Amino acid sequence: MSTVFLHVGQCGNQVGHAFWKKVDKDNSVKESHSFVHPDDKQRSIHVDSEPKVLQKISKGLKIREGNLICGKQGRGTNWALGYYGSQREQHILEDSLDKVRKEIEKCDAYSGCIMMHSLSGGTGSGLGSRLCEEMRDQYPLAHLMSCAFAPCMSGESPLQHYNSLLTLSKLQRNSDCVILTHNDDILYNLEKKVKGSVSFDNMNNSIAASLCGLFLPTDSLTPTRGVSIGMEPWEVIRATCPVPGYKFLHINHLSRSKLSWEALMSQLLLGVRRYNTQGGTLGSLSNVVVARGDSGNTFLYAMKTLEKKVKGAYNCVSWNPFPLDVWTAAANPAGPKESSSITIASNHGTVVDYLETLVQRSKVMYDATAYIHWYKRHGSGHEDFEEAFETIHELTDLNCKANNN
């Protein structure tokens with residue numbers, strides 16, 4: 001069951017570089033060929049509108065020749081330019097889809113595509129949205145997951161709110177699941193651990209570790225013959241996104257050495273948000289708990305006492321009789337040596353606060369017609385914005401109702 005990875009834009013490729021470095025340490029991935037080919041080449045395509053980042057990452061990864069697709073000019077942090085494309089570089093979209101097709105044809109059994117990209121950059125947001133749309137159209141029966149990285153709310157670009165709004169609207173319409181990672185959360189957690197300033201490498205490695213904690217093979221989903229079939233990403237969708245309207249996931253991840261499962265879980269749950277900005281209680285529809293480094297097969301026994309604590313921290317909705325799915329793995333290849341980790345992917349109400357803030361800030365700019373001409377210049381009109389506002393409003397209402405029931 002093979003997965004094809006599509007890394008789009010500077011952020012998507014930099015996180016992808018850290019992700020594949022960790023994946024390469026897991027021998028079970030190589031044995032199963034779910035993420036890598038039998039010739040040890042990654043099942044990945046890397047796309048950017050400028051060559052600089054791709055030239056850097058290609059030196060450390062096992063990427064198939066031709067799977068690096070780049071242009072010669074950036075997208076100016078403009079969703080419209082990324083989505084509709086530059087007249088001189090229309091080949092980027094066509095080449096990307098062609099390389100994806102060839103990777104899929106190399107798979108014995110293609111399960112789906114995982115796309116990594118940012119919400120704020122022109123290539124990650126605009127071209128990422130377009131690729132997501134095209135993938136859904138061309139492979140309607142395959143899974144499609146987005147790992148999207150949200151910018152700091154304090155501001156990285158004057159266009160970031162527009163770009164994020166337009167991208168999330170397309171992802172809601174076309175993807176099966178969106179793992180949403182906030183740069184603010186990553187910075188906050190790393191500032192407590194890292195001495196001095198937090199680097200982009202620190203952030204990329206932290207994000208990559210949490211994704212590996214969720215995606216790498218587990219003993220729970222490995223058949224008795226002992227070879228993984230690579231179903232972890234798609235079982236996440238089955239377990240946490242049973243209804244199409246609720247597809248935004250939040251990941252909490254913690255890896256430590258010489259800690260009991262109880263102590264590790266307690267530290268992890270300290271980072272779970274329990275209240276929204278208005279003081280209301282946040283809820284969770286469903287969750288997947290993944291424990292790695294369980295060489296003694298002790299985690300499931302520990303979960304008998306930890307289950308109530310996890311359900312309480314995530315405030316699981318009463319109408320879901322089975323809100324927790326628990327997986328284990330004897331090894332923790334993506335973490336420090338002799339460490340254990342717990343990763344929890346949650347369909348959680350934290351997304352509502354972010355969406356409401358995003359709509360509010362975008363609406364203020366839109367009503368003042370701020371920067372709209374930059375988008376019109378590249379083919380985007382008012383209908384794109386109106387559609388995005390409507391989609392995100394519906395999404396926010398759905399999640400509010402689900403978490404209040």
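How many residues of domain 2 are in contact with how many residues of domain 3? Let me start there, keeping in mind throughout that what we have on the screen is a predicted model. In this model, 10 residues of domain 2 are in contact with 5 residues of domain 3.

To place those names, the protein is divided into domain 1, which covers 2–215, domain 2, which covers 252–349, and domain 3, which covers 352–404. Between the centres of domain 2 and domain 3, taken over C-alpha atoms, there are 33 Å. The size of an interface is often given as the accessible area lost when the parts come together. For domain 2 and domain 3 the buried area is about 580 Å², and carbon and sulfur atoms give 33% of that area. On the side of domain 2, Gly283, Leu285 and Gly349 supply 48% of the area buried against domain 3, which is more than any other three residues.

Across this same interface the rule finds 1 salt bridge, and there are also 3 residue pairs in polar contact. If we sort the residues of domain 2 that touch domain 3, we get 3 nonpolar, 6 polar and 1 charged. While we are on salt bridges, the side chains of Asp353 and Arg273 meet in one, at 2.7 Å from N to O.

Let me now turn to salt bridges in the whole structure, which holds 18 of them. In one of these, the side chains of Asp40 and Lys62 meet at 2.9 Å, N to O. Asp40 lies in the loop between helix 2 and strand 2, and Lys62 in the loop between helix 3 and strand 3, so this pair ties together parts that are 22 residues apart in sequence. Asp40 is partly exposed, with a relative accessible area of 29%, and Lys62, at 33%, counts as partly exposed too. These two residues also belong to a network of salt bridges that links Asp24, Lys30, Asp40 and Lys62.

A second case is Arg101 with Glu105, whose side chains meet at 2.9 Å, N to O. Both residues are in helix 5, and because they are 4 residues apart, they are separated by about one helical turn. Arg101 is partly exposed at 32%, whereas Glu105, at 55% relative accessibility, counts as exposed.

Is Lys170 buried or exposed? Lys170 has a relative accessible area of 8%, which means that it is buried, while Glu387, at 28%, counts as partly exposed.

Staying in helix 7, we also find Asn174 there, and a polar atom of the Asn174 side chain lies 2.9 Å from the backbone oxygen of Lys170. Asn174 is buried as well, with a relative accessible area of 11%, and, not counting residues up to four places away in sequence, Asn174 touches Cys132, Glu133, Arg136 and Leu144.

I will close with a residue in a loop. Asp294 is found between strand 8 and helix 12, and at 4% relative accessibility Asp294 counts as buried. Leaving aside neighbours within four places in sequence, Asp294 is in contact with Trp261, Phe299, Thr328, Ala329 and Ala330.

Notes: Residues numbered from 1 in each chain as written. Predicted model: local features only at pLDDT ≥ 70, side-chain atom pairs only at ≥ 80, totals over all residues. Heavy atoms only, no water. Domains from an automatic or database assignment. Contact = heavy atoms within 4.5 Å. Buried area = accessible area lost by both parts, 1.4 Å probe. Salt bridge = Lys/Arg side-chain N within 4 Å of Asp/Glu carboxyl O. Polar contact = N/O pair within 3.5 Å; in protein donor to acceptor, adjacent residues only side chain to side chain. Nonpolar A, V, L, I, M, F, W, Y, C, P; charged D, E, K, R; others polar. Helix = DSSP H or I, 4+ residues; strand = E, 2+ residues; numbered from the N terminus. Buried < 20%, exposed > 50% of the residue type's maximum accessible area, 1.4 Å probe, protein only.
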